[in-house]
Number of protein chains: 2
Amino acid sequence: MARLPVYLRALTLLIERGVATASSEDLAVAAGVNSAKLRKDLSYLGSYGTRGVGYDVEYLRYQIAREIGLTQDWPVAIVGLGNLGQALANYAGFGTRGFRVAALLDVDPDRIGRDFGGVVVRHLDELADLVDEHDISIGVVTTPGPVAQQVADRLVGSGVTSILNFAPAVITVPSGVDVRKVDLSIELQILAYHEQRKSMAGALHPGLDIDVVAQVVAP
Amino acid sequence: MARLPVYLRALTLLIERGVATASSEDLAVAAGVNSAKLRKDLSYLGSYGTRGVGYDVEYLRYQIAREIGLTQDWPVAIVGLGNLGQALANYAGFGTRGFRVAALLDVDPDRIGRDFGGVVVRHLDELADLVDEHDISIGVVTTPGPVAQQVADRLVGSGVTSILNFAPAVITVPSGVDVRKVDLSIELQILAYHEQRKSMAGALHPGLDIDVVAQVVAP
DNA sequence: CGGATTTTGTTCTCCCGTTCACAAACTCCT
DNA sequence: AGGAGTTTGTGAACGGGAGAACAAAATCCG
Ligand SMILES: NC(=O)c1ccc[n+]([C@@H]2O[C@H](COP(=O)([O-])OP(=O)(O)OC[C@H]3O[C@@H](n4cnc5c(N)ncnc54)[C@H](O)[C@@H]3O)[C@@H](O)[C@H]2O)c1
Ligand SMILES: NC(=O)c1ccc[n+]([C@@H]2O[C@H](COP(=O)([O-])OP(=O)(O)OC[C@H]3O[C@@H](n4cnc5c(N)ncnc54)[C@H](O)[C@@H]3O)[C@@H](O)[C@H]2O)c1
């Protein structure tokens, strides 16, 4: 079900291009997945396609948006207005996808009171009030790693039940709370790992050309 | 093998705490995984543990770092110095993990020439020269989605063989080139999906308390 | 020195996601 | 209207990862 957002984006792209109807094959290409997988995924939501024709792009987009819950908009709190937190707070693409920055929190007096995209940074102590006031259920953690756990604890304590964590730390939460992690270093390290294998393959089999090496290395 | 970086971070944390030896159970808790899985993963690298004792933290950390390829440092190019690109360029945690920002590229004359963390932004046309000069094999894409594909093409054309893509677009590359995607919107949408299910479960079974709901909803 | 204890490395089983393949359903053209 | 062509929805086979469980190996302790 983690692929639904990808399909949603592919559908939006097709709508922008003026496409009214698309086959599972078309969608699969646009979303970068196998067409059988895509059909099976969509069949979970119900029979929204027409055999011999394909899917009504607009209609399917709405159905997926509804399934994900994007017919409402989700207020989000961001904790930690450093480099990354500011970039997120300024990010326009946020609102166009059903999310709204409803609260910004920090503990640094230099950050508190500043304004990003029309929202003023407040002290973390005001978290519970803001969560209540704006009915926030999603929190984003962009603090340094060492304080991520305690910030997560306060988010949970204030009633937040979903957390997106950018800090390089494993955070644990009570059951019933979802955590997702975005970790730049890990992504880069995975790339570095493959890079190293590529160069090693080249060293071990200098006769092989790049295409063959690619096949050896492919996951 | 995508878990090796997580183990690496857990080990680094333990070293900072002065721990010299850790069992697979300790490591599993620190990394947030199952201990059997962790042991199986580590056994791939070789037998670096001692039965009845556990793993030498320092030694294991080095072995994993070597496996990933972090004994060398990896020069990285960042394309698109907007909100996000600037945050990445300023990010200190970059260098401490074996990566180095070697080149910054943009096409906006207002950005070109500016300095982030000691590196000057250059025009995208200079990409190939910079890749050659600094022996860059990893590129980071932080441009708007619509130009992500053409930027990726230029990266590949310049000799980059690994791409980390932050733009909300599916990019396709020749075989032999690795692409990883970091997509904020998708992460938030997955959280929203689970949020919606939580609130629906509450509406359908108003008698259930939050803990029971949590079990129903858990993946 | 030998048994009790701890913990690794590995085997085995199970389960879930992926993919193939095909019948059913729909359109289009003659 | 009917056959040819397309495309969905899904049953079935496949593959691989995850976890339980256990034997082997090392330490500890009397
Ligand atoms: N900047 C990046 O590009 C980048 C990339 C990947 C990961 N990260 C991670 O994201 C996190 C933030 O990175 P950054 O570069 O923005 O760091 P930063 O130091 O610029 O910002 C951290 C912010 O958190 C605030 N903060 C500190 N303790 C807090 C607390 N207890 N409660 C609330 N706020 C608190 C600080 O005042 C500061 O404003 C770090 O964990 C970093 O490792 C950053
Ligand atoms: N800012 C965020 O927090 C955030 C979060 C998630 C995803 N993203 C995605 O990351 C990307 C960048 O976001 P942003 O907020 O930094 O956008 P931005 O508009 O601030 O920055 C985009 C930068 O890319 C440059 N650019 C445009 N076309 C280019 C080209 N052909 N070659 C090189 N550079 C080019 C622009 O000059 C600009 O500096 C977007 O795709 C966005 O959707 C951003």
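This is a predicted model: local features need pLDDT of at least 70, side-chain atom pairs count only at pLDDT 80 or more; totals for chains, interfaces and linings use all residues.

Q: Which residues are joined with them into one network?

A: Asp178(A) is joined to Glu195(B) and Lys198(B) through salt bridges that share partners.

Q: Let's do the interface then. How many residues does each chain put into the contact?

A: Chain A gives 61 residues and chain B gives 60 residues. Together the chains bury about 5400 Å², and 65% of that is on carbon and sulfur atoms.

Q: And how many salt bridges go across?

A: Eight, by the rule, between chain B and chain A. One of the pairs in the model is Arg180(A) with Glu187(B), whose side chains meet at 2.4 Å, N to O. As for polar contacts, 20 residue pairs are counted between chain B and chain A, both residues at pLDDT 80 or more.

Q: Which elements of chain B supply the side that touches chain A?

A: Those with at least two residues there include α1 (4-16), α2 (24-31), β10 (178-181) and α8 (184-204). The largest share, 15 residues, comes from α8(B). By class, that side of chain B has 34 nonpolar, 14 polar and twelve charged residues.

Q: Back to charges. How many salt bridges are there over all chains?

A: The structure holds 18. One within chain A is Asp125(A) with Arg154(A), with the closest N and O atoms 2.8 Å apart. That pair links distant parts of the chain, 29 residues apart: Asp125(A) is in the loop between β7 (119-123) and α6 (127-134), and Arg154(A) is in helix α7 (residues 148-157).

Q: Why does Asp125(A) count as exposed?

A: Because its relative accessible area is 54%, and exposed means over 50%. Arg154(A) is partly exposed, at 37%.

Q: What does Arg122(A) pair with?

A: Arg122(A) forms a salt bridge with Glu126(A), and the closest N and O atoms are 2.8 Å apart. Arg122(A) is partly exposed at 32% relative accessibility, and Glu126(A) is partly exposed as well, with a relative accessible area of 29%.

Q: New topic: the DNA. Which residues come nearest to DNA strand C?

A: Of the 24 residues around DNA strand C, the nearest are Arg3(A), Lys40(A), Arg51(A), Ser24(B) and Tyr55(B).

Q: What does Lys40(A) approach?

A: A polar side-chain atom of Lys40(A) lies 2.9 Å from a base oxygen of DNA strand C. With Ser24(B), a backbone N or O atom lies 2.5 Å from a phosphate oxygen. Gly52(B) has a backbone N or O atom 3.1 Å from a sugar or linking oxygen.

Q: Where does the largest share of the surface near DNA strand C come from?

A: From α3(A), with four residues. By class, the residues of that surface divide into eleven polar, eight charged and five nonpolar.

Key: Residues are numbered from 1 along each chain as its sequence is written. Chains are lettered from A and ligands numbered from 1 in the order in which they are written. Side-chain values use heavy atoms; hydrogens and water are left out. Contact means heavy atoms within 4.5 Å. Buried area is the accessible area (1.4 Å probe) that two parts lose on being put together, summed over both. A salt bridge is a side-chain nitrogen of Lys or Arg within 4 Å of a carboxyl oxygen of Asp or Glu. A polar contact is a pair of N or O atoms within 3.5 Å; within protein, one must be able to donate a hydrogen and the other to accept it, and residues adjacent in sequence count only if both atoms are side-chain atoms. Ala, Val, Leu, Ile, Met, Phe, Trp, Tyr, Cys and Pro count as nonpolar, Asp, Glu, Lys and Arg as charged, and the others, Gly among them, as polar. Buried means under 20% relative accessible area, exposed over 50%, partly exposed in between (1.4 Å probe, protein chains only). A residue is near a molecule or strand if one of its heavy atoms lies within 4 Å of it.
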